[in-house]
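My notes follow, in the order I looked things up.

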Amino acid sequence: MKIKDTLENYVFVLPAAAIFSIFYIIPFIWVFKLGLFEWDGISFTKVFVGLDNFKEIFLQDVNWWRAMWNAGYVTLIALTFQNILAFMLAWACDRQIRMKNFYRVIFFIPPVLSEIVVGMIWRFIINDIEGANIINRILAAAGLPNLMRHWLSDPKTVLTTVALVHCWKGFGWGFLIFLAGLQTIPRQLYESARVDGANAWQSFKKITVPLMIPVTVLVAILTVLGSMQAFALILGLVGGEFAGHTSVPVLRILASMRGASSRFGYACAQGISFGMILVIISFMQYRFSKKGQ
Amino acid sequence: MLFKSVLLGGCVLFSVLGCSSQKIDSKPTINIWHWMTDRDPAFQELAKKYETLTGVKVNFELYAPSDAYAQKIRAAAQGINLPDVFGILGQKQDFVSFIKAGHILDLTPYMEASNNSWKNSFFPKALTVNEFGPQNSYGINPGIFGVPIDIMTIQMVYNKKLFTQLGLNPNRPPKTLSEFLDTGAKIRSAGLEGLVSGWGEIWMIDCLASNYAFNIMGKDKVLATIKGEVPYTDPDWVRVFTIFKQMKDSGVLARGLVTMINKTAEQLFANEKAVFAFNGSWCANVYQGMNPGLEYGAMLPPQASDKFPMAIWGGAGSSFVVNARSQRREEAVKFLIWLTDQDQQAYLSAATNNLPANKNSLSKIPAILAQFARGMDYATHPNAWGVSEFSLVIEALDYGIQSIIIGEKTPEQVAEEVQKIKERELAKKRKN
């Protein structure tokens, strides 16, 4: 009877295990294996190079690390500016304000749009030659013509512009998760605090912030994963890597996969390295938050 | 309970494993994959005509954009699941990889049958990109492996109306680099944009750079550089990089050029906001669609030196290859012979505004296409050089030129950086 039960349990697990293995585990092992070869992605012959591809990524590939740096910069802006904005808006919508359902819908529109579409829309909004040049027009109307720039073709501004558009696109996710988190905080806690004489700031600091830490960690991990992997938005907005100024890891992987003498094995090694870096960052974030708690 | 579980598991496995299906069709069918959105309606029309004539069904399947198509072909090659006929996007090295993997049929016997009748119907330069000569550096047996369905040249175009507005002669575009650079000040003061192109997508940068390299140092020295015998720090290469700085300084380049995609460049030129564009002959079709009244002419990139002739990229625009593993390869070859015959080529040219690959179909093409066709006399193509530059070197060159245009690096710095990568890649090649 016990054996029958055990067998039955395994049968229930089997479909999920099979799907997970076929679509996740086996491809991961396969990609790692390909990362050990020099291969153009077409030939039947692959040259085994051991860990050379990984060595090249970590020790020689300047473009790769520049792309990591750029993605890190975008992520840093998303972690700070985007998430603070998302939190503040969620906090506002959690309170009794007029039309809060309308705001919830509006804030959730950007995340559901395609990244390419968002990139192209903002390209049109920002670009001064082919587009509406709205930012420069606003600056001129505000009497700040000295701040006018070629936002998308000036190496000094292009990455920050990309990061801000990325924040615009992404803050809705954070908003939704923060709002859901805020709604789980029992109202009685705020009422008790008010009875005890706490003002709004003290309630926020002593109740809202501590109880929102697990949610904030979740949002931070999702922001890191989403921002580090962003690339379609950049293609829509800038059209490519712009002399390395808008290079990001996924664009480097794509660059390795295509073009003359494409390096499929190297692209696989880049993908594995990038995945491992993201796992380590997420793990560190999780550990850090545990310590904080 | 156990029975239900087994049944459920079985259903899942069945649904996962049983997704593929094979169509059974009584008529012989040739499957062709392509990426040419603009040519798809004409292809479908020709397929219908061929079916009426021969009873053979031709199934053109469009996969766009071209990047997605290129990845699909690559994935199909890995799974040995290629269609009967397909096109390869990329450079000669990609073509070589497909041939070496046994995916592509050698078409030489068909080309040379009946006194070379099929071969002779094409522009010789259209065939060059699909051809491998004796003792080629790729290690491929000599032969012709692809069929050009149209030809192209990549040149400059200029807006005649804006030329008149700027006080320039619309029938005499600039012939020398200094004449070209002189137009920069006039363009800027008129509030127009100068040269537009898809330089955000980078490959068009090395196209123009190699045009000037041929003009300044000649073909032999360019090929010697690719072979690693001449460094990119050579004064002639620094001169090539300097041309881009001169263009930038003169104001002849459009603002935001380094992040411009070709579609945007085409819009700006078609909407008469830009005076010059660097584009392929396919642009005739694009401009026709965007602004049928546009008055423009084609011109060679203005010469920087009179030491060597100016060269432009040209040759086969799009080519089809036959899957060597296809069971219908004979039917596929017959269809391609029919597709590249004079009448079908004339139809394709008229319907899509592309230059026909069949030289006998040239007689009735529009004037602007005839101008592009004349550029074939100056045409060359990396796929016909017999040697290929490392992709990382090309990337460094393109990014370097972008950096020169945005004023971030000097031509000398770029030359040194490109050479450094070249040396690293050569060392790696020697090691392997």
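**Chain B overall.** I started with the secondary structure of chain B and got 17 helices and twelve strands. Helices (H or I, at least four residues) and strands (E, at least two) are DSSP runs, numbered from the N terminus.

Before going on, I noted that this is a predicted model, where local features need pLDDT of at least 70, side-chain atom pairs count only at pLDDT 80 or more, and totals for chains, interfaces and linings use all residues. Residues are numbered from 1 along each chain as its sequence is written, and chains are lettered from A and ligands numbered from 1 in the order in which they are written.

I then checked the radius of gyration, taken over C-alpha atoms, against the globule rule of 2.2 Å times the number of residues to the power 0.38. The C-alpha trace of chain B spans about 80 × 55 × 55 Å along its principal axes. I found 48% of the residues of chain B buried, where buried takes 20 or more other C-beta atoms within 10 Å of the residue's own, with C-beta atoms placed from the backbone.

**Chain A overall.** Chain A has 13 helices and two strands. Its radius of gyration is 24 Å, whereas a compact globule of 293 residues would have one near 19 Å. The C-alpha trace of chain A spans about 75 × 75 × 30 Å along its principal axes. In chain A, 35% of the 293 residues count as buried.

**Where the chains meet.** Here I counted contacts, meaning C-beta atoms, placed from the backbone, within 7 Å. I got 43 residues of chain B touching 32 residues of chain A. On the chain B side, α16(B) gives the largest share, six residues. That side divides into 18 nonpolar, 17 polar and eight charged residues.

**Domains of chain B.** The assignment, which is an automatic or database one, gives domain 1 (28-150 + 315-369) and domain 2 (153-313 + 387-431). Their centres, taken over C-alpha atoms, are 29 Å apart. Twelve residues of domain 1 are in contact with eight residues of domain 2. On the domain 1 side, α4 and α15 of chain B are the elements that give two or more residues.

**Helix α15(B).** Which residues of α15 (367-374) are buried? I found Ile368(B), Phe372(B) and Ala373(B). They sit on the same side of α15(B) because they cover an arc of only 145° around the axis, the arc being that of the directions from the helix axis to the C-beta atoms. Among the elements covering them are β6 (147-159) and α12 (283-290) of chain B.

**The core.** A nonpolar core here is a set of buried Ala, Val, Leu, Ile, Met, Phe, Trp, Tyr and Cys residues joined through C-beta atoms within 7 Å. The largest has 184 residues, and Val162(A), Ile234(A), Val196(B), Ala277(B) and Ile401(B) touch the most other members. Helix α9 (203-227) of chain B gives the most to this core, eleven residues. I also looked up Ala277(B): leaving out residues up to four places away in sequence, its contacts include Met156(B), Val196(B) and Phe269(B).

Conventions
Buried ≥ 20, exposed ≤ 12 C-beta atoms within 10 Å, placed from the backbone. Contact = placed C-beta atoms within 7 Å. Nonpolar A, V, L, I, M, F, W, Y, C, P; charged D, E, K, R; others polar.
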